[in-house]
Amino acid sequence: MACNDFAKFFTEKIQKIRQAIGTSTADPGYVLCPPKNCLNTMKQFQPINSKDLEDILGQLNSSSCCLDVLPTSFFKKVSKTLESDLLQIVNFSLLSGVFPESLKTAVIKPILKKDNLDKTQMNNYRPISNLPFLSKIIEKAVSQQLSYFLKQNNCYDAFQSGFRQNHSTETALTKVFNDICLNTDSGKMSVLVLLDLSAAFDTVDHNILLKRLENWTGLSGTVLNWFKTYLENRKYFVSIGNFTSEQTSITCGVPQGSILGPLLFNIYMLPLAQIINNNKINYHSYADDTQIYITMSPGDRGPVQALGKCIEEINDWLCHNFLQLNKNKTEVIVFGAKEKRLQVTRELQSIHLKTTNQARNLGVVMDADLNLEKHIKTITKSAYYHLKNISRIKDLMSQQDLEKLVHAFIFSRLDYCNSIFTGLPKKSVRQLQLIQNSAARVLTKTKKVDHISPALRSLHWLPVRQRIDFKVLMLAYKALNGLGPKYINDLLTQYEPSRSLRSSGSGLLSVPRVRTRHGEAAFSFYAPYIWNKLPESLRSAETLSLFKSRLKTHLFSAAFE
């Protein structure tokens with residue numbers, strides 16, 4: 001397959017999606033207004049200094065692409081020599097409101113989505129975009145100033161967790177999982193809809209995006225002009241080995257592989273939150289992954305009808321904004337008492353929503369029973385596969401490098417979003433612990449007949465149950481100290497005794513009453529419950545690093561002493 005064929009395929013794919021959307025000029029039937037809190041304007045950027053540049057270079061990774069004159073790692077080493085020139089280039093762009101034309105070209109490498117897919121089919125390839133390193137330096141300077149402005153003016157969508165400081169897929173899932181657990185605990189039903197958008201980053205309309213920047217976030221003057229020049233006249237070419245395609249113009253989408261792309265997409269999606277809120281429906285977003293969910297009592301059809309109306313309005317808004325809802329990949333799960341799920345499923349079918357018992361949500365397989373059984377099986381299968389491969393090469397590598405592999409391929413899976421593992425049955429925790437035990441045996445050459453605790457202790461590894469508590473307590477500390485999302489902080493309430501007691505002011509949290517194991521698994525119950533068991537000296541740690549160090553020591557002692 002030739003490079004030009006790939007370039008043509010990737011361009012036509014986006015064109016087909018935009019043509020299929022068929023935007024309508026008809027009145028959408030709802031009115032959206034920019035939030036009043038965004039009355040302040042940002043007219044110009046501030047120039048950066050040597051310290052700012054040093055920080056930016058330290059934050060950017062060292063990956064290079066064929067568009068870079070110097071390898072990025074070498075560029076960073078000699079950056080002090082180039083400092084005055086770099087500052088001049090960056091600050092001229094910021095102060096003039098013009099993004100350099102020479103930095104607008106991207107190189108795209110087609111990467112097979114999965115190893116087992118047919119290599120002759122172009123739709124099995126994902127376009128991976130790379131931009132010049134100098135482009136990323138300028139973008140990072142802009143991103144920092146824009147992010148600060150948006151935060152100061154409260155322009156962010158409170159429930160958008162994608163590519164935001166102190167937000168993550170884990171905090172997003174913790175919030176959604178908490179709400180569903182509490183609903184189930186109170187005997188109510190929950191319906192979760194996972195909306196799927198087709199190539200959303202690539203179909204963004206530039207004119208609409210510029211209006212959004214102006215009207216919804218308050219950008220104007222030099223700053224708005226900078227973004228206009230940043231978006232226009234962009235090009236890309238496909239590179240495979242030593243071959244390249246002809247350059248192709250990009251007329252829509254936020255630049256893939258860029259620093260600003262995700263932030264611009266979040267701004268583009270701001271009105272969507274208003275539509276969902278107007279329908280009084282809960283939601284959470286992570287970049288282009290949006291999930292909406294309702295609470296309903298048995299026999300109450302109102303929330304289902306509201307959900308159907310909300311989805312219609314979302315689809316209409318998406319069409320008006322050149323975004324496509326992929327209805328075939330949109331998934332719906334019903335949570336709650338088993339005997340009542342069937343009735344809710346029938347009601348959902350009346351608004352053309354087909355339910356499933358499990359679905360992948362931000363990398364976690366959620367199931368209707370909330371026991372994460374399928375997810376644990378997925379982790380187990382993947383972890384043992386990688387552990388087997390690591391075991392084959394253990395005699396060829398140093399202990400230090402082996403441990404890095406274990407952390408990269410095993411713990412990355414064991415620890416991913418484990419703050420929602422609070423309600424796991426003992427059997428599931430045991431499954432995960434066996435994975436960790438096997439990893440410890442590989443690293444320490446411990447025999448199967450030997451007890452594993454000494455090996456875990458020698459590696460300074462917290463066992464699985466303590467790793468879950470560690471993550472939950474870290475989230476709690478961050479939320480309580482302004483280092484986490486507001487929506488996590490809102491799940492925690494400081495304990496205030498009815499009369500003055502010695503415990504008053506000791507940093508205790510109020511533990512809500514729950515009735516079932518589902519309630520006990522909710523972050524708003526479990527986090528305060530284990531937080532209050534910590535020594536006061538630990539709860540009152542002055543810094544995050546100090547809390548983290550003391551917490552690991554505390555949990556380690558509890559596990560092995």
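Ala, Val, Leu, Ile, Met, Phe, Trp, Tyr, Cys and Pro are counted here as nonpolar, Asp, Glu, Lys and Arg as charged, and the others, Gly among them, as polar. The structure described is a predicted model, in which local features need pLDDT of at least 70 and side-chain atom pairs count only at pLDDT 80 or more, while totals for chains, interfaces and linings use all residues. Residues are numbered from 1 along each chain as its sequence is written, and side-chain values use heavy atoms, with hydrogens and water left out.

## Domains

For the protein chain, the domain assignment gives domain 1 (172–198 + 264–366), domain 2 (373–447) and domain 3 (466–558), with bounds that come from an automatic or database domain assignment. The centres of domain 1 and domain 3, taken over C-alpha atoms, are separated by 30 Å. Between these two domains, 11 residues of domain 1 are in contact with 13 residues of domain 3, where contact means heavy atoms within 4.5 Å.

## Pockets and cavities

Rolling a probe the size of a water molecule over the atoms shows where empty space is left. On a 1 Å grid over the protein atoms alone, a cavity is a set of points where a 1.4 Å probe fits but cannot get out, whereas a pocket is an open set with protein on both sides within 12 Å along at least five of seven lines; lining residues have an atom within 4 Å of a point. Grid points are joined across faces, edges and corners, and a volume is the space filled by probe spheres set on the points. By this rule there are five cavities of 30 Å³ or more.

| Space | Volume | Lining by class |
|---|---|---|
| Largest pocket | About 1600 Å³ | 19 nonpolar, 16 polar and 10 charged |
| Second largest pocket | About 840 Å³ | 15 nonpolar, 11 polar and four charged |
| Largest cavity | About 80 Å³ | seven nonpolar, four polar and one charged |

The largest pocket holds about 1600 Å³ of space. It is lined by 45 residues, and the closest to its centre are Lys 13, Pro 127, Ala 199, Asp 202 and Gln 256. Two or more lining residues come from each of several elements, including α1 (3–21), β1 (105–112), β2 (125–130) and α10 (261–268); helices (H or I, at least four residues) and strands (E, at least two) are DSSP runs, numbered from the N terminus. The largest share of this lining, seven residues, is supplied by α1.

Of the 30 residues that line the second largest pocket, Asn 154, Tyr 156, Asp 157, Ala 158 and Arg 164 lie nearest its centre. The elements that give two or more residues to this lining are α5 (133–152), α11 (270–278) and α19 (486–489). Domain 1 and domain 3 each contribute at least three residues to the lining of the second largest pocket.

Residues lining the largest cavity include Asp 157, Asn 266, Leu 270, Tyr 283 and Thr 290. At least two of its lining residues come from each of α11 and β7, and α11 gives the most, with four residues.

## The four-stranded sheet

Four strands form an open sheet in the order β7-β8-β3-β9, with antiparallel pairing, and two strands are said to pair if DSSP finds at least two bridges between them. Because β7 (282–286) and β9 (331–335) stand at the edges, each with a single partner strand, one side of each is left without a neighbour in the sheet. From one strand to the next, the twist averages 15 degrees, where axes are lines fitted to C-alpha atoms, for helices over the stretch in contact, and angles run from 0 to 180 degrees between N-to-C directions.

Strand β7 is joined to β8 (residues 289–296) by five bridges, and the two run antiparallel; Tyr 283 stands opposite Ile 292 in β8. Helix α11 packs on the sheet and touches β7 and β8, its direction making about 160 degrees with that of β7. Helix α12 (residues 302–320) also packs on the sheet, touching β3 (189–195) and β8, and its direction makes about 160 degrees with that of β8.
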